Amino acid sequence: MGAGVLNTYPDLLPVTSATPIITMGEGDTPLVRSNRLGRELGCTELYFKLEGCNPTGSFKDRGMVMAIAKALEEGTKAIMCASTGNTSASAAAFGAYCDIPTFVLIPKGEVAMGKLAQAMIYGAKVIMINGNFDAALGMVREFTQRNDVTLVNSVNPHRIEGQKTAAFEIVDKLGGAPDMLFIPVGNAGNITAYWKGFREYQDLGRSQALPRMMGFQAEGAAPIVRGEPVARPQTIASAIRIGNPATWNGAIEARDGSGGVIDAVSDDEILEAYRLLANKEGIFCEPASAASFAGLMKMHRQGMDLSDKRIVCICTGNGLKDPDLAVSSSGGQTIEVPANIEALEAVTIGSES
Ligand code: AN7
């Protein structure tokens, strides 16, 4: 518990005797069995992996700890990333923990307040770009080529290495690979990492089968589904508002190698899944994360038989990062009463009219 991914899987990661074994307690996240939604979809065994339980509230910490450990090993002076929010929060936290100056580039006005708050309070230098994520990542790539600053986006291969540990955990907990893995796709690093992890575990004989990789983009930001970059990606799920994924090939390989799909879900489908996860399972994830369950609902609607299937949906980030959206999309209103017991009973058990 709290050992961290470098301590837990050193032999399967690029950890050498020169690598500092750091951890902020990332990894070992809950794999929670569905209590209601699985039954409603006729799915025998449905699990949610709660990556929002990582130290900065998203899966990014798994890859960041590896990238930062290697950066320390190499004597890095500073780190930089572009981000739709979660990568910047994670980089800023590990930068603080390891005393490395951290620069984060974010698309102005497009990052959820909680994520921006994290980057700021952890002490990163937060640089707003008048452009989208894809433009910011382009700038970071060029800057880190010209300057002695380490890039910590998922184009840094150590990020993928760290993130693949989530696949290890699933197999370790279930005693084998699931039949299908549903996962949101933005820059496509995470689906690439899971696929790598599942394949490595199979090569080691720790699982027999491989899951079908079911990746979901937001409809207005679905370059892989369309087969070409999207110049102006649009979606309520700001974390996956990405028009030209850096690890595009990795997503294609995961799809084709596993007999899976990369498909799109609409913002309405994302928001419906977001609300259902909260009010039927008690899982408060962010909208981008809900794309995985939205994808499962879509497959169910299209007639996919989910019985006798063991399915895992990845909930990539914590809903608390954007509480305003939760309030505005909950539809529920709060009730105001005078501070007396009769008034309380009238609006609760007494509203029999
Ligand atoms: C909650 O933070 O790209 O397909 O800059 O925050 O590996 O990009 C975040 C992505 C899914 C998509 N869910 O993962 C960033 C960033 C959440 C995310 C994704 C992101 P990738």
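Helices here are DSSP runs of H or I with at least four residues, strands are E runs with at least two, and both are numbered from the N terminus. This is a predicted model, where local features need pLDDT of at least 70 and side-chain atom pairs count only at pLDDT 80 or more, while totals for chains, interfaces and linings use all residues. Residues are numbered from 1 along each chain as its sequence is written, and side-chain values use heavy atoms, with hydrogens and water left out.

**View 1. Thr192 sits in helix α9, which covers residues 189–203.** Thr192 has a relative accessible area of 15%, so it counts as buried (buried is under 20%, exposed is over 50%, and partly exposed is in between, using a 1.4 Å probe and protein chains only). A polar atom of the Thr192 side chain lies 2.7 Å from the backbone oxygen of Ala188. Skip the neighbours within four places in sequence, and Thr192 is in contact with Ile160, Thr247, Gly250 and Ala251 (contact means heavy atoms within 4.5 Å).

**View 2. Here α9 packs against helix α11, residues 248–258.** Two packed helices are described by the angle between their axes and the distance between the axes. For α9 and α11 the angle is about 45° and the axes are 8 Å apart. The axes are lines fitted to C-alpha atoms, for helices over the stretch in contact, and angles run from 0 to 180 degrees between N-to-C directions. The two helices, α9 and α11, are therefore oblique to each other (under 35 degrees is roughly parallel, over 145 roughly antiparallel, 65 to 115 roughly perpendicular, and the rest oblique). The crossing of α9 and α11 is left-handed, a word used when the near helix is turned anticlockwise from the far one by less than a right angle; clockwise would be right-handed. From α9, Ile191, Thr192 and Trp195 make the contact, and from α11 it's Gly250, Ala251, Glu253, Ala254, Gly257 and Ser258.

**View 3. Helices α4 (residues 86–98) and α5 (residues 113–122) cross at roughly 20°.** Their axes come within 8 Å, and α4 and α5 are therefore roughly parallel to each other. The crossing of α4 past α5 is left-handed. On the α4 side you'll find Asn86, Ser88, Ala89, Ala92, Ala93 and Ala96, meeting Lys115, Gln118, Ala119 and Tyr122 of α5.

**View 4. His300 belongs to helix α13, residues 287–301.** With a relative accessible area of 30%, His300 is partly exposed. Leaving out neighbours within four places in sequence, His300 is in contact with Glu40, Leu41 and Leu306. A polar atom of the His300 side chain lies 3.4 Å from the backbone oxygen of Leu41. Glu269 is 31 residues away from His300 along the chain, and their C-alpha atoms are separated by 13 Å.

**View 5. Asp28 and Asp308 are shown for their backbone phi angles.** Most residues other than glycine have a negative phi. Asp28, though, has a positive phi near 50°, and Asp308 has a positive one of about 60°. Asp28 lies in the loop between α1 (5–8) and β1 (31–33), while Asp308 lies in the loop between α13 and β10 (310–315). How much of each is accessible? Asp28 is partly exposed at 41% relative accessible area, and Asp308 counts as exposed at 68% relative accessibility.

Technical notes:
A polar contact is a pair of N or O atoms within 3.5 Å; within protein, one must be able to donate a hydrogen and the other to accept it, and residues adjacent in sequence count only if both atoms are side-chain atoms.
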